[in-house]
Amino acid sequence: MSTDVLLEIKNLQTHFFTLKGVVKAVDGVSFELRRGEVLGIVGESGGGKSVTGFSILRLIEEPGKIVGGEILFKGTDLLKASEQHLQSIRGKEISMVFQDPMTSLNPVFTVGYQLEESLIIHQNLTKEARKQKCIQLLSMVGIPNPEKRLLDYPHQFSGGMRQRVIIAIALASQPDLIIADEPTTALDVTIQAQILKLMKKLSEETRCALILITHDLAVVSELADRVMVMYCGKLVETGDTKDIIHNPAHPYTEGLLRSIPDIEQEKSRLEPIPGIVPNMFELPQGCKFADRCSRCQTICTQEEPPLFEGPKGRKALCFFPLWKDS
Amino acid sequence: MENILLVENLIQSFRVGKGLLDELTFQNGRFIRETLRVHAVNGVSFEIPRGTVFSLVGESGCGKSTTARTIIKLLEPKGGRILFQGMDITRFSKKEMLPLRKQMQMIFQDPYASLNPRSRVLDIVREPILFHRLADTKSQATEMAMDLLQKVGIRPEQANRYPHQFSGGQQQRIGIARALSVHPQFVIADEPVSALDVSIQAQILNLMMDLQKEFHFSYLFIAHNLAVVKHISDHVGIMYLGKIVEKGRKQDVFSNPKHPYTIALLNSIPRLEGKNLEHTPPIKGEIPSPLHLPSGCHFHERCPYAMEICNEVYPEERMTAPNHWVSCHLY
């Protein structure tokens, strides 16, 4: 793996200013992504995973606002870039794949039209070359009969096939980064397996970096090189996938892993994380996870823990991280 | 062991299209009337011994929810037999079902949509008790409802709140309390945790198992998540296009899967070890439409072991090991 950094995010803060108060959806998140790397962002709903993804392309709508930080993509800060410059990056150098494959395709245009649109905007090709490229893209994502299917409308495709089309559109301009927000959550397991395998294969072949946002730790461990766990807008733990899955340092990661039923091991009882995610309007002082944490001490409820560094580039937002060697 | 429920060859289908015009098609110079039917459940048989958990697993559109809704007679069965506690309820009218309703209850997938937004939580749980006259006085009913709410983890001071004031996990707890308020013998849980976050999922699954131990009822559990199913069930049935392709004790089905579809399903699950998808070939194709069922075995178009006979005859259910049934020509 090459070590050159493609994307570097420093202290990103995206807040939502609602009538009820300010929601710090993303609160001081920093990470970097190398070329060709697959980074998984996991966490439960409301953790700020998607907002982080959308922030990278500055796709945050009112009342949301990116209030601080830097997003360095190939060295330029996207937060300072002009809207025009951003448009040339969106869909060309960074593209997105969304959760719901029906709503991210336009129902009144053919699939071929929508694929071609991206090529018209970002690439200078002749009409015939574009058509060939569309056919090539569709067959790359495993759609049988690509030439005929270009003329079909989204509703004529099944859910899994639509997601393949969306991946084809995302790949159309050979981006350096794809942000996939819960790309397989709406799909059945056998179809999910097909799409995950496809994404893995394509990211290896095209050397395109991938940010995979999901709530499913198992999906992340199948695909990602590195994992980032988010809770209440904070990055609570990051490191290599294997280390995190086998030796989680942060109690939240540990709790998440314990609470999922494992198909391979017989657990007589699940060990859920007690309590619920705190209200984003009234986040507790100190560590956001303190009142659900088994390792909670007095300091946790008073001070916010810093991001401690552990072995092998691991980091955990906890006063008492458990570094175990794997 | 006595069966709480026995289902034999259950059939359910729905007509699509609204009127005569939708059914007319113009073919070879003349009009042909063709009634399109979604064949949702095509001969499903299984039994649930009293006090156990039976799970129906399968991908979307395989007919698992329709099976559940037909069993509880929210839909009229188109064929087959349903025996509830030994009683044939297949042809029971709504009125005849009424006294049985308190013995069979349902927990739904979307906790918010299944609670009346204008009712206080206490009223939601108390109403079935009052309706089925399980309490002599209203205050006794209130007491019973409060007791149950406490059991599922809702604090007494929260009982006067409305559903929207609770989180998804708490709403599901309320749904469970409502189902249990009439002391049912049999509870159908239709994807009860799939709308919840993982950490909350575990809380609800534990709660459901604790309550089952306490009240000794039986579950029919509908889910698509195999890990959850493996955790909660005693017996499982794997469904594909309205048929159970494999059923048996969960240990047998999970550790010794026989049907190619079951094997494919198990191979498709992403695992924490992260090696599953890398080493197993994915199952090809997609589920065919239940409008036009494939000939022979419903799975043959996607099956890596398909033989000639699979295209022609639907395989009969065979017992490959004690209590382990498979519908496949390989066995």
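This is a predicted model: local features need pLDDT of at least 70, side-chain atom pairs count only at pLDDT 80 or more; totals for chains, interfaces and linings use all residues.
Residues are numbered from 1 along each chain as its sequence is written, and chains are lettered from A in the order in which they are written.

**View 1. The fold of chain B.** Chain B holds eleven helices and 14 strands (DSSP runs, H or I of at least four residues for helices and E of at least two for strands, numbered from the N terminus). Its radius of gyration is 22 Å, close to the 20 Å that the globule rule gives for 331 residues, so chain B is as compact as a globular protein of that length (taken over C-alpha atoms, the rule being 2.2 Å times the number of residues to the power 0.38). The C-alpha trace of chain B spans about 65 × 55 × 40 Å along its principal axes.

**View 2. Gly21(A) in its strand.** Gly21(A) belongs to strand E2 of chain A, residues 21-34. With 11 other C-beta atoms within 10 Å, Gly21(A) is exposed (12 or fewer such atoms, C-beta atoms being placed from the backbone).

**View 3. Where chain A meets chain B.** The contact takes 37 residues from chain A and 32 residues from chain B (C-beta atoms, placed from the backbone, within 7 Å). On the side of chain A that touches chain B, the elements giving two or more residues are helices H7 (189-206), H8 (217-223), H9 (241-246) and H10 (251-259), and H7(A) provides the largest share, eight residues.

Technical notes:
A residue is buried if 20 or more other C-beta atoms lie within 10 Å of its own, exposed if 12 or fewer, and partly exposed in between; C-beta atoms are placed from the backbone. Two residues are in contact if their C-beta atoms, placed from the backbone, lie within 7 Å.
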